[in-house]
Amino acid sequence: MLGPSPDWNVGLSAEDLCTKDCGWVQRVVQDLIPWDAGTDSGVTYESPNKPTVPQEKIRPLTSLDHPQSPFYDPEGGSIKLVARVVIERIARKGEQCNIVPDNIDDIVADLAPEEKEEDDTPETCIYSNWSPWSACSSSTCEKGKRMRQRMLKAQLDLSVPCPDTQDFQPCMGPGCSDEDGSTCMMSDWITWSPCSVSCGMGTRSRERYVKQFPEDGSMCKVPTEETEKCIVNEECSPSSCLVTEWGEWDECSASCGTGMKRRHRMIKMTPADGSMCKAETTEAEKCMMPECHTIPCLLSPWSEWSDCSVTCGKGMRTRQRMLKSAAELGDCNEELEQAEKCMLPECPIDCELTEWSQWSECNTSCGKGHMIRTRMIKIEPQFGGTACPETVQRSKCRVRKCLRGAGMEKRRWKEAREKRRSEQAKKNIDSEQYPVAGLAQRRWCDSVYTESSGASAMVVPPVLTVKPNWAGLVPGLGLEG
């Protein structure tokens, strides 16, 4: 069954595995084309279910059934092969299994005795033929058992029980039965195998199998294999080499049109004279496959766009479609996946700060004080990001205790101030005795630093009386009195 498809399938039926001389073929290779079972209508792999009423006969699909068919070829060429069945024989010795091969002679031989027996098998139970009786379990004249078996192929009605698939019968060892039942039924000889050498003297063999074991349960003593000598190329010289038989052909190198196939063999023995083997170990020949035809690309619709690859900001999204026709049926360069950018709301940006600076020195030289440290804003918060925390921190600090001898220092400042005042008063007296010179050199005020507040104080000198001269002018200033 080809799925998904309406009712297309591939298969193999009634393939002949026999040779002309009643042997088995060694290998069968069969390429398969698709068939329509006639139960469901449709022209593509994904056509909806639509029963065919009335049902049609099973038929092979062709390259001209419908333009939308994946097998369509407007030129009407051969339909594309979709499968290959390889059947290979892996065993040669028939006596390894007591099941009788299904050829015409064996079927007739097995049916003949059964016609005489009453068969109570229900019609709803379908079995294979009985196998031959096995050898007796006793090798003496004591009673033993032998067995035969069959396979249940189908049970059409599960409510009706099917009999056992094994049958037992009493028996005795060889020569103990009154009847002469020690005769073996053998098949004909199978064809001779190829000669074991490709040059000179070799051997070949052939086989046969036991069709029916003796009725008395004894073992068959008839040989099932024969071997004889064979000669290939009697004129073999010391320079000849021995090679194996050719192996099977490799698959064709082309899937359509003309290609090449090869087969190989191996050197079994080099020439006796030590020369190089001139036999070919590889053989090649042309092989013809169905004609190559290019068909249009059959693509499914685009899928929905995927979610954006991010939860905020810029990202990507994709969508896909599928190639419905087989790629090897033609060149298909159509893109199967697309991608595009997508934009979601901006991502929040949190505040970012530098590291804290070192703590500053204490703001006092003695006693209690404080010190600070700072940090800078590197990135301001945006789009709802985390706000910036504090950028300045204060911390208390305590330096050495202040000295108690501060009063002594105050007294020194006071004495220095009194000394300056007395010097200033002396200058004022001198200026009264010498009005013009004293006025020019007078200091109206002195600025001194007080220890208590650290501010400047104005010292006002005594009042100076200036008398005008006879001309009515103040000497040295040129002003009226």
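1. Cys-388 counts as partly exposed, at 25% relative accessibility; buried means under 20% relative accessible area, exposed over 50%, and partly exposed in between (1.4 Å probe, protein chains only). The model is a predicted one, in which local features need pLDDT of at least 70 and side-chain atom pairs count only at pLDDT 80 or more, while totals for chains, interfaces and linings use all residues. Residues are numbered from 1 along each chain as its sequence is written, and side-chain values use heavy atoms, with hydrogens and water left out.

2. The partner of Cys-388 is Cys-351: the two form a disulfide with sulfur atoms 1.9 Å apart, where a disulfide is a pair of cysteine sulfur atoms within 2.5 Å. This link is right-handed, with 100 degrees about the S-S bond. Distant parts of the chain are linked here, 37 residues apart: Cys-351 sits in the loop between E19 and E20, and Cys-388 in the loop between strand E22 (377–379) and strand E23 (392–398). Strands (E, at least two residues) and helices (H or I, at least four) are DSSP runs, numbered from the N terminus. Cys-351 is buried, with a relative accessible area of 16%.

3. In total the structure holds seven disulfides. One of them joins Cys-312 to Cys-347, S to S 1.9 Å. The torsion about the S-S bond of Cys-312 and Cys-347 is about 105 degrees, so this disulfide is right-handed. Cys-312 lies in the loop between strand E17 (282–288) and strand E18 (314–320), and Cys-347 in the loop between strand E19 (337–343) and strand E20 (352–353), so the pair ties together parts 35 residues apart in sequence. Cys-312 is partly exposed at 24% relative accessible area, and Cys-347 is partly exposed at 26%.

4. Cys-125 and Cys-162 also form a disulfide, their sulfur atoms 1.9 Å apart. Its S-S torsion is about -90 degrees, so the disulfide is left-handed. Cys-125 is in strand E6 (residues 125–127) and Cys-162 in the loop between strand E8 (152–155) and strand E9 (166–171), 37 residues apart. Both Cys-125 and Cys-162 are buried.

5. On the surface, Lys-368, Lys-396, Arg-398 and Lys-401 gather in a patch of positive charge. Patches are made of residues with over 30% relative accessible area and no salt bridge, with like charges joined within 9 Å and nonpolar side chains (Val, Leu, Ile, Met, Phe, Trp, Tyr) within 5 Å. A salt bridge is a side-chain nitrogen of Lys or Arg within 4 Å of a carboxyl oxygen of Asp or Glu. Lys-368 is in strand E21 (residues 368–374) and is exposed, with a relative accessible area of 67%.

Note on methods:
Areas by Shrake-Rupley, 256 points an atom, 1.4 Å probe, with all protein chains shown as cover. Lys, Arg positive; Asp, Glu negative; His and termini not counted. Charge placed at Lys NZ, Arg CZ, Asp CG, Glu CD.
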